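Take a look at the sequence and the fold below.

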Amino acid sequence: MDKLLVSPAPHLHSKENTRRIMRDVIIALMPSVLVSVYFAGLSALLVVVVSVAGCVLVEHLIVRYLMRKKTTVHDLSAVVTGLILAVNLPVSSPWWMVLIGCIAAIGIAKMTFGGLGHNLFNPALVGRVFLLISFPVQMTNWSVNNSIFSSETWNLPKMLLGAQGQLPDAVSGATPLGIIKEGLANGLTMETLSQQYDFSYWQMLFGHIDGSLGEASALAVLVGFAYLLFRKVIKPLIPVSILFTVAVFSAILWLLDPSMNADPLFHLLTGGLLLGAVFMATDYTTSPMSPPGMLIYGVGIGVMTMIIRVWGVYPEGVSFAILFMNALTPLLNKIKPIPYKKEVSRG
């Protein structure tokens, strides 16, 4: 054969199909969803339901009535996009804002390019960044609701309407990354901030940290990561390269000046780093296909994340870093896998 034909991702070379892979991703996301519902109450469940239903509905309407094709929602990719979008949103997100995020994710980032396998950027991340730019106040209004077992949480009318039309029983807070960012900008040191705020690594690992739904527990994300590896849905190269790069980058800064920089473990456990590395950076369509490309992709995400976290305006940079590297994926796919390289004659 003289020519090698390469088709757009995703590439399936086994008995696996798209629906089964998406089902595994949904199962892997369940620990994060359940933990967020436990800590944030039914308000978190409302965000998840609206996000998933919105993504499925938007895709169905576009495919059936604009593209005039058979609906594609049965492949569960819209459900996965809805779940990933939901775990990237604050629990206080109003339903109408979640729906706007669904339209941006499915309508703009996915279906405009032709649907699953053709999109250049991760749809859920496009939806999140679109909301972050459009509604910065709502997207940075981190709140933690009462436990799901609270009697107040089960009051559905109060949960839906609240005392003044907002979600009830919520206490506004700031993410650890946001606290550090603001504190250092105001001339405080890490030692002072550590004394004022209890940044418990144990708490960061097991849950109840202010942030998006998926940031509730690092352990829940790691459980999902282990499941995806066990099911061979993803390869460890991209997540490991991202986390290793962040650890090395933050360690260098911390060793140079520990008074003005957080330690590596803090950066690994806080924010959406784990969530992004496991569930968003590994998206089949928007990530490179070859191991060298995956490595460059992961290192690039790690470096950009740290640059934004340390010197950028936003305290978190994972979403922007992944989207930037998504744009470079077609270029990284030019790196041919070793089996496809033409052998050099030794004659």
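Which residues does G317 touch, not counting residues up to four places away in sequence?

## Around G317

The model is predicted. In it, G317 touches T305, I308 and R309, leaving aside residues up to four places away in sequence. G317 lies in the loop between α15 (291-311) and α16 (318-332).

M304 is 13 residues from G317 in sequence. In space, their C-alpha atoms are 7.2 Å apart. The relative accessibility of G317 is 0%, so G317 counts as buried.

## Where α1 meets α2

Helix α1 covers residues 18-40, and helix α2 covers residues 42-66. Their axes come within 6 Å and cross at roughly 140°. The two helices are therefore oblique to each other; the cut-off for roughly antiparallel is over 145 degrees.

On the α1 side, the contact is made by V33, S36, V37 and A40. On the α2 side, L42, S43, A44, L45 and V48 take part. By class, this contact has 7 nonpolar residues, 2 polar ones and no charged ones.

Most residues other than glycine have a negative phi. L76 has a positive phi, near 70°. K232 is not a glycine either, and its phi is about 60°.

Both sit in loops. L76 is in the loop between α2 and α3 (77-87). K232 is in the loop between α11 (218-230) and α12 (237-256).

Buried or exposed: which is L76, and which is K232? L76 has 17% relative accessibility, so L76 counts as buried. K232 has 73%, so K232 counts as exposed.

How values were computed
Residues are numbered from 1 along each chain as its sequence is written. This is a predicted model: local features need pLDDT of at least 70, side-chain atom pairs count only at pLDDT 80 or more; totals for chains, interfaces and linings use all residues. Side-chain values use heavy atoms; hydrogens and water are left out. Helices (H or I, at least four residues) and strands (E, at least two) are DSSP runs, numbered from the N terminus. Buried means under 20% relative accessible area, exposed over 50%, partly exposed in between (1.4 Å probe, protein chains only). Contact means heavy atoms within 4.5 Å. Axes are lines fitted to C-alpha atoms, for helices over the stretch in contact, and angles run from 0 to 180 degrees between N-to-C directions. Angles under 35 degrees count as roughly parallel, over 145 as roughly antiparallel, 65 to 115 as roughly perpendicular and the rest as oblique. Ala, Val, Leu, Ile, Met, Phe, Trp, Tyr, Cys and Pro count as nonpolar, Asp, Glu, Lys and Arg as charged, and the others, Gly among them, as polar.
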